[in-house]
Amino acid sequence: QARAANASVYSPAKLTEKYGRRPAMVFRRTLEIFLALGSFALSLLLDQRSGRLDKNKRLRATELRKIFTRLGPTFVKVGQGLSTRPDLCPPEYLEELTELQDALPTFPDANAFSCIESELGLPLESIFSAISASPIAAASLGQVYKARLRYSGQMVAVKVQRPGIEEAIGLDFYLLRGLSKLINKNVDMITSDVVALVDEFARRVYQELNYVQEAKNAIKFKKLYGDRPDVLVPEIFWDYTSGKVLTMDWVDGVKLNEQEAIERQGLKLLELVNTGIQCSLRQLLEHGYFHADPHPGNLLATPDGKLAFLDFGMMSETPEQARFAIIGHVVHMVNRDYEAMARDYYALDFLSPDIDVSPIVPALRAFFDDALNSTVNELNFKTIVDGLGAVLYEYPFDVPAYYALILRSLTVLEGLALYTDPNFKVLAASYPYFAKRLLTDSNPYLRDALIELLFKDGRFRWNRLENLLVQGRKDSDFAAKDALQPVLKLLLGPDGEELRTLVVKEAVRVVEAILLGTALESYKSVPEPIRTLIPSGNGNGFLRMTDNEQAAMIELRDRVFRIWGLLRSSRGFDPELLQPIVEILQEPEARDIGGRVVGGVTQRLAARLLQQVLRP
């Protein structure tokens, strides 16, 4: 903690006080930025006047990426931040800016070693028995050395902050904040609060400069996700960590975008990407604490097949309400319920409650009706993001930082997988997790989403339940004993009368299908000469049921039996797991439902029998 005492914290007021007294420095940097960005703005203006704005979007996006790289670390970070903002940038710019790399020229090794000694208060040789003569990797904010600890002989990675980086980014953010005030005041076409965006982004970059905070982030991440057998999170060495020096376990591995090297180790890239997707889903939607910068350089494939996460400088959190709303949003998308999708944007904090979402519904319908012509297993996540990004760009959305980072992380993972399998779909890989959460989570939002998915126009959609169980069982954490428990509790609760009416109606259909379906099969198994002696024959079908009615009844019965089979064959299933359900069924509300079902079945069978007897 003492070593982090001098760590910088972003403060607009302090930056104003500091650089307000240095007009010459401010002028030089302003001129440098103005010449670079001014030439770009002039190109855009000429494109607009010549009617070539849309045609040249890709070209201008490439130019902007190169300009950000020339302007240094702050603008590299700004470009990477913009690459996650579909409400600010057209799709062509989003795609180009995601290619921004952190790689910058290294700084002198003598400066790095001097920084280690001054930060840790010890001579270099007393800490390490060996250290690489040059950096193993360099990024915009620092560079990494490989070393061996003298006291234990353990191999470690030592990250050292770039000298003068705080001065450079401080001046740039001071200037950017001043520019954002002018944009807020004079540019009506940008609806987002640009000052707030700059402040939020600056706070994140300053957090990356505090290596003690990054170490804390790594420890929290390891506590939440490091127990998974296929995930590796390196240990932190606190004795050799400070605000500008970070020491952690050395991880041998291959970057996730180096497919040939991964395959030479006998590993499969798709399996590693799927591990990343499953871990990301749990980060985003369970604990809500997630790695916000999962580019290929921060994800390594270890020789034993684990996925190693590195670089915990940029982390983010998904608000609890949004975690459930995202899952509900996927359900509404699958159901093509665009009105509900539009309303989800309130819960996701995309829109203020006073904005009318009705104009957005046709835009969602126009895009998703075409995209959803494919099954969920065939949907390409990047296609969804690009289409949704176009909608976000056209309407007054204010995309929260957490959501933009979620899109970025999943898009990166799908992009890596597409190198190996052009047909890989991240939504297909994610759907088992969503299905498991829908079937087992007791949150009211998800419980209602499940009911909405299973019931339509008063009828139960058994095919949807079967599909959810098929998908949910693919998730390693799926437990049969938890499936449908939330709905069962609502069914027997004080607010469940409407659901009880629907369930009773469907239960009558199912019991009738089981009874008559079994009787029908028994009837058909009787030899033809004997069958003509049975009154049900008469040449008019069993109990005067048409062939279509008989087929539908057999299909319903068989589907219910298949669903029961799926539950029984799920991992960890034990008949004793049904004991809590049996106990719930002893409650008065459950006995009432049972009585209503028996009464309904009796009425249906009696009606069929009367038809059989009374009709000539």
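Visitor: What should I know before I start?

Guide: Residues are numbered from 1 along each chain as its sequence is written, and side-chain values use heavy atoms, with hydrogens and water left out. Because the model is predicted, local features need pLDDT of at least 70 and side-chain atom pairs count only at pLDDT 80 or more, while totals for chains, interfaces and linings use all residues.

Visitor: How many helices and strands are there in the chain?

Guide: Helices (H or I, at least four residues) and strands (E, at least two) are DSSP runs, numbered from the N terminus. Here the chain has 26 helices and 13 strands.

Visitor: What share of the residues is buried?

Guide: Buried means under 20% relative accessible area, exposed means over 50%, and partly exposed is in between (1.4 Å probe, protein chains only). Of the 616 residues in this chain, 50% are buried.

Visitor: Which residues have the most contacts inside the largest nonpolar core?

Guide: In soluble globular proteins, nonpolar side chains tend to be buried together. A nonpolar core is a set of buried Ala, Val, Leu, Ile, Met, Phe, Trp, Tyr and Cys residues joined through side-chain atoms within 4.5 Å. The largest one here has 107 residues, and Leu-256, Tyr-345, Leu-364 and Leu-468 have the most contacts inside it. Helix H17 (residues 401-420) contributes the most to this core, with 10 residues. At least three residues come from each of domain 2 (261-457) and domain 3 (479-614); domain bounds come from an automatic or database domain assignment. Another core lies apart from this one, with 33 residues that include Val-26, Tyr-93, Ile-169 and Val-198.

Visitor: Which residues is Tyr-345 in contact with?

Guide: Contact means heavy atoms within 4.5 Å. Leaving out neighbours within four places in sequence, Tyr-345 contacts His-329, Phe-350, Leu-351, Leu-364, Leu-388 and Phe-397. For the chain, take the contacts with a separation of 6 or more: 71% of them are between residues 24 or more positions apart.

Visitor: Is Thr-318 buried or exposed?

Guide: Thr-318 has a relative accessible area of 1%, so it is buried. Thr-318 sits in the loop between strand S11 (315-317) and helix H13 (320-335). Not counting residues up to four places away in sequence, Thr-318 touches Leu-284, Gly-288, Phe-290, Arg-323, Ile-326, Tyr-402 and Ile-406.

Visitor: Which residues line the second largest cavity?

Guide: The lining consists of Ser-280, Gln-283, Leu-284, Phe-290, His-291, Pro-294, Phe-309 and Ser-409. Helix H12 (269-287) and strand S8 (289-291) each supply at least two lining residues, and H12 gives the most, with three. For classes, Ala, Val, Leu, Ile, Met, Phe, Trp, Tyr, Cys and Pro count as nonpolar, Asp, Glu, Lys and Arg as charged, and the others, Gly among them, as polar. By that scheme, the lining has four nonpolar, four polar and no charged residues.

Visitor: What is the phi of Asp-311, and what is that of Asp-349?

Guide: Asp-311 has a positive phi of about 60° although it is not a glycine, and Asp-349 has a positive phi of about 70°, again without being a glycine. Asp-311 lies in the loop between strand S10 (307-309) and S11, and is partly exposed at 21% relative accessibility. Asp-349 is in the loop between helix H14 (338-347) and helix H15 (360-371), and is exposed, with a relative accessible area of 54%.

Visitor: Where is Asp-482 found?

Guide: Asp-482 is in the loop between helix H20 (462-472) and helix H21 (485-491). Asp-482 and Asp-441 are 41 residues apart in sequence and 8.2 Å apart in space, C-alpha to C-alpha.

Terms used: On a 1 Å grid over the protein atoms alone, a cavity is a set of points where a 1.4 Å probe fits but cannot get out, and a pocket is an open set with protein on both sides within 12 Å along at least five of seven lines; lining residues have an atom within 4 Å of a point.
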